[in-house]
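Trainee: I am new to this model. Please pick one part, look at it closely, and then show me what lies around it.

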Amino acid sequence: MSTELTESDVPPPTEFAPAPSRRTFIATTTAVGGIVVAGGLVAGPPPLGVEEAAAAEATPGGRVSLTVNGKRHTITVDNRTSLLDLLREHLGLTGSKKGCNAGACGACTVLVDGRRVNSCLTLAVRLEGAEVTTVEGLAPGGEDGELHPLQAAFVEQDAFQCGYCTPGQIMSGIGCIQEGHTGSTEEIREWMSGNICRCGCYVKIVRAVEQTARGK
């Protein structure tokens with residue numbers, strides 16, 4: 001018995017699509033916004049900025065009422081807003097400086113209910129009903145009025161050079177005097193140690209605080 005197959009008995013050859021080139025593969029997967037792994041299509045990351053926008057919309061805010069330099073303010077702010085940013089960005093009071101923004105230099109020192117605080121570490125929403133005093137609120141007559149005694153002493157003692165730390169130094173010095181920590185040069189230095197002067201005017205700063213404390 002013959003096993004020879006005729007041409008009509010032979011099945012036609014199966015046609016295979018040519019394998020895609022590396023360039024074609026990358027272009028295809030990029031176009032659909034995903035990557036191929038283990039034979040499947042995995043969606044890629046969302047467009048840049050979408051996550052940030054969603055997070056911003058979801059950020060909780062709070063309403064706070066406080067008195068700053070004798071003037072009452074009611075403001076809605078992000079719950080993460082520091083007192084320093086509220087003063088500078090929302091109220092335009094730029095006298096308090098942002099130095100380290102970590103509570104280590106004292107450039108942002110203000111008085112809250114008469115006590116010294118680092119405003120960069122103080123959450124604004126926690127100050128409901130508080131009274132805040134910044135360097136702008138010290139002069140009794142405003143910008144064109146008489147200087148606060150400690151401000152005048154800083155000028156007389158030449159207790160600054162670049163001036164960046166000066167607002168915080170003055171506010172801390174006022175707190176130091178009000179707290180009664182001016183019994184000696186050493187005591188003033190100790191209680192003012194949280195305020196850094198990179199120009200090295202510590203001797204004159206202490207003299208200014210001493211001068212003001214004696215005239216109190």
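**A close look at one histidine and its surroundings**

Mentor: Start with His 73, which is found in strand β4. Strands here are DSSP runs of E with at least two residues, helices are runs of H or I with at least four, and both are numbered from the N terminus. The model is predicted, so local features need pLDDT of at least 70, side-chain atom pairs count only at pLDDT 80 or more, and totals for chains, interfaces and linings use all residues. Residues are numbered from 1 along each chain as its sequence is written, and side-chain values use heavy atoms, leaving out hydrogens and water.

His 73 is buried because its relative accessible area is 17%. Buried means under 20%, exposed over 50%, and partly exposed in between, with a 1.4 Å probe and protein chains only. Setting aside sequence neighbours within four places, His 73 is in contact with Val 64, Ser 65, Leu 66, Val 68 and Leu 91. Contact means heavy atoms within 4.5 Å.

Take Ser 65 from that list. Ser 65 sits in strand β3, residues 61-68. Its relative accessible area is 15%, so Ser 65 is buried.

Helix α3 comes next. Its residues are 83-90, and the buried ones are Leu 83, Leu 84, Leu 86 and Leu 87. They pack against β3, β4 (71-78), β5 (109-112) and β7 (131-133). Just after α3, Gly 92 takes a positive phi of about 70°.

Two other residues also have positive phi. Most residues other than glycine have a negative phi. Asn 101 is not a glycine, yet its phi is near 60°. Asn 101 lies in the loop between α3 and β5. It is partly exposed because its relative accessibility is 39%. Asp 113 is not a glycine either, and its phi is about 50°. Its loop runs between β5 and β6 (115-118). With a relative accessible area of 52%, Asp 113 is exposed.

The structure holds one cavity of 30 Å³ or more. A cavity is a set of points, on a 1 Å grid over the protein atoms alone, where a 1.4 Å probe fits but cannot get out; lining residues have an atom within 4 Å of a point. The volume of the largest cavity is about 40 Å³. Volume is the space filled by probe spheres set on the points, which are joined across faces, edges and corners. The lining has 14 residues, and Cys 100, Asn 101, Cys 105, Cys 108 and Cys 120 lie nearest the centre. Seven lining residues are nonpolar, five polar and two charged. Ala, Val, Leu, Ile, Met, Phe, Trp, Tyr, Cys and Pro count as nonpolar, Asp, Glu, Lys and Arg as charged, and the others, Gly among them, as polar.

Now the cores. A nonpolar core is a set of buried Ala, Val, Leu, Ile, Met, Phe, Trp, Tyr and Cys residues joined through side-chain atoms within 4.5 Å. The largest has 22 residues, and Leu 150, Phe 154 and Ile 205 have the most contacts inside it. Helices α4 (149-157), α5 (166-178) and α7 (202-214) each give two or more residues to this core. A second, separate core has 15 residues, including Leu 66, Val 77, Leu 87 and Val 110. Leu 66 is one of the contacts of His 73.

Phe 154 touches, among others, Phe 160, Ile 170 and Ile 205. Pro 167 lies in α5. At 13% relative accessibility, Pro 167 counts as buried. Further than four places along the sequence, Pro 167 touches Gly 95, Lys 97 and Val 135.

Ile 188 is in helix α6, residues 185-191. Its relative accessibility is 0%, so Ile 188 counts as buried. Among its contacts are Val 206, Val 209 and Glu 210. From Ile 188 to Val 209, the C-alpha atoms are 7.8 Å apart, across 21 residues of sequence.

Finally, step back. The protein has seven helices and seven strands. From the N terminus, the order is α-β-β-α-β-β-α-β-β-β-α-α-α-α. Of its 216 residues, 32% count as buried.

Definitions and conventions. On a 1 Å grid over the protein atoms alone, a cavity is a set of points where a 1.4 Å probe fits but cannot get out, and a pocket is an open set with protein on both sides within 12 Å along at least five of seven lines; lining residues have an atom within 4 Å of a point.
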